[in-house]
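Subject: Structure for you to look at

Hello,

Here is the structure I said I would pass on. Please open it first, and then read my notes below.

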Amino acid sequence: MNRYLENFKNKLVEIDFETLEEDPHSIYAVDENFNLIYFNEAYFQFARDNDGEPQITNNHSLGSNILSAIKGDIKKIYAQALTEVLTTGKSKNLSYECSSIKKYRLFMQRLYPLKKAKGVVIINSLQVESELKNVASHLEKNYLQETGFINQCSNCRRTQSAIDINKWDWVPSYISTMPKNMSHTICPICFDYYWKNI
Ligand SMILES: [Zn+2]
């Protein structure tokens with residue numbers, strides 16, 4: 001099955017195609033009319049892991065409008081967010097709930113506008129909030145690197161997982177209270193988007 005339209009690679013000036021392909025986060029892209037033009041492999045892996053297939057593929061096919069697959073109030077919020085990043089040319093974060101039967105989950109979605117060809121690349125990251133009493137030590141277990149530092153992307157402010165260094169999660173506690181051993185770095189997507197072409 002095709003995961004992207006032929007012209008997608010030409011539209012993608014700001015981010016390397018390989019960076020999206022290798023990213024373990026679920027990523028997709030839409031054109032200026034909000035029609036789907038790309039899905040990375042991790043998008044389908046996520047759908048399979050969450051028993052979303054084959055419905056996800058059937059409902060979100062290439063060329064179809066992303067808004068047609070969204071219902072209720074979210075649809076309006078989503079349309080506004082996409083319009084905003086396309087008109088301002090500035091990236092934007094959106095938090096949303098995507099719970100499965102077994103688990104309550106929040107995700108952070110970051111929208112990167114493609115400026116030259118008009119379109120939006122959408123990256124989904126897990127939002128990590130802990131209800132545990134000892135939040136700091138619980139988070140450290142997952143985010144403290146061997147170097148003794150917690151790495152946060154200075155642009156999108158996602159935190160690098162210490163368990164899988166390719167994963168970058170949205171950890172609100174690290175935004176509200178910055179740990180002393182926080183090290184600012186740059187995630188692969190933001191590296192491409194903000195620095196590669198300078
Ligand atoms: Zn980043």
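Arg 157 sits in the loop that joins strand E6 (150-153) to strand E7 (159-160). Strands are DSSP runs of E with at least two residues, helices are DSSP runs of H or I with at least four residues, and both are numbered from the N terminus. Arg 157 is not a glycine, yet its phi is positive, at about 65 degrees. Most residues other than glycine have a negative phi. Arg 157 is partly exposed, because 19 other C-beta atoms lie within 10 Å. The cut-offs are these: a residue is buried with 20 or more other C-beta atoms within 10 Å of its own, exposed with 12 or fewer, and partly exposed in between, where C-beta atoms are placed from the backbone.

Phe 34 also has a positive phi, near 70 degrees, and is a residue other than glycine. Its place is in the loop between strand E1 (27-31) and E2. With 18 other C-beta atoms within 10 Å, Phe 34 is partly exposed.

A note on the source: this is a predicted model, in which local features need pLDDT of at least 70 and side-chain atom pairs count only at pLDDT 80 or more, while totals for chains, interfaces and linings use all residues. Residues are numbered from 1 along each chain as its sequence is written.

Now the whole protein. There are eight helices and nine strands. The radius of gyration is 17 Å, close to the 16 Å that the globule rule gives for 198 residues, so the protein is as compact as a globular protein of that length. That radius is taken over C-alpha atoms, and the rule is 2.2 Å times the number of residues to the power 0.38. Of the 198 residues, 28% are buried.

How is the protein divided into domains? Domain 1 covers 8-127 and domain 2 covers 135-192, with bounds that come from an automatic or database domain assignment. Their contact takes twelve residues from domain 1 and twelve residues from domain 2; two residues are in contact if their C-beta atoms, placed from the backbone, lie within 7 Å. On the side of domain 1 that touches domain 2, the elements giving two or more residues are strand E4 (106-114) and strand E5 (119-127). E5 gives the largest share of that side, four residues. The C-alpha centres of domain 1 and domain 2 are 22 Å apart.

E4 and E5 also belong to an open sheet of five strands, in the order E2-E1-E5-E4-E3, with antiparallel pairing. Strands pair if DSSP finds at least two bridges between them. At the edges are strand E2 (36-39) and strand E3 (92-97), each of which pairs on one side only. E3 and E4 run antiparallel and are joined by six bridges. In this part of the sheet, Leu 94 stands opposite Gln 109 in E4.

Val 135 lies in helix H6 (residues 135-143) and is partly exposed, with 13 other C-beta atoms within 10 Å. Val 135 and Ser 173 are 38 residues apart in sequence, and their C-alpha atoms are 8.9 Å apart in space. Gln 45 belongs to helix H3 (residues 41-49).

Regards
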